[in-house]
Amino acid sequence: MLILASSSPRRKELLKKITTDFVVISPDIDEGALSFVPAKDLAAEESKEKAYAIKAKYPNDEIISCDTIVVLESGEVLSYLAIPISAKESKSPAPSSRSSISTSLARS
């Protein structure tokens with residue numbers, strides 16, 4: 001069984017374009033526990049943690065997980081979920097051109 005380890009409706013929508021043969025299971029992880037991870041690595045580490053959390057419960061299944069973060073010019077890290085929908089739709093979720101968005105995918 002293929003499991004999408006995400007509660008994101010957008011990720012579910014994107015995966016449905018490839019296959020409908022999957023289930024969605026939201027991982028229960030504490031993303032704040034990774035506050036020591038450098039911003040450049042945070043999306044990758046969070047997506048891995050999500051995959052590991054689901055893989056521990058479903059060891060024989062294929063897991064896909066993702067994470068997206070926004071790093072503001074000030075260095076503040078935001079979860080992509082913290083960005084207002086209107087900003088996401090305008091394709092400029094961060095208030096500065098020096099901000100960056102990082103997305104990572106993990107497969108287990």
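Which residue forms a salt bridge with Glu-13, and how far apart are the closest N and O atoms? The partner is Arg-10, with the closest N and O atoms 2.8 Å apart. A salt bridge here is a side-chain nitrogen of Lys or Arg within 4 Å of a carboxyl oxygen of Asp or Glu.

This is a predicted model: local features need pLDDT of at least 70, side-chain atom pairs count only at pLDDT 80 or more, and totals for chains, interfaces and linings use all residues. Residues are numbered from 1 along each chain as its sequence is written, and side-chain values use heavy atoms, leaving out hydrogens and water.

**Salt bridges**

The whole structure holds 5 salt bridges. Among them are these:

| Pair | N to O distance |
|---|---|
| Glu-13 and Arg-10 | 2.8 Å |
| Asp-41 and Lys-40 | 3.2 Å |
| Asp-67 and Lys-50 | 2.6 Å |

Asp-67 sits in strand β3 and Lys-50 in helix α2, 17 residues apart. Helices (H or I, at least four residues) and strands (E, at least two) are DSSP runs, numbered from the N terminus. Asp-67 is buried at 5% relative accessibility. Lys-50 is buried at 10%. Buried means under 20% relative accessible area, exposed over 50%, partly exposed in between (1.4 Å probe, protein chains only). Glu-13 is partly exposed at 42%, and Lys-40 is exposed at 67%.

**Strand β3**

In β3 (residues 62-71), 9 of the 10 residues are buried, so the rest of the structure largely encloses this strand. β3 pairs with β1 (residues 2-5) in the parallel sense, over 4 bridges. With β5 (residues 100-107) β3 runs antiparallel, joined by 8 bridges. Pairing requires at least two DSSP bridges between the strands.
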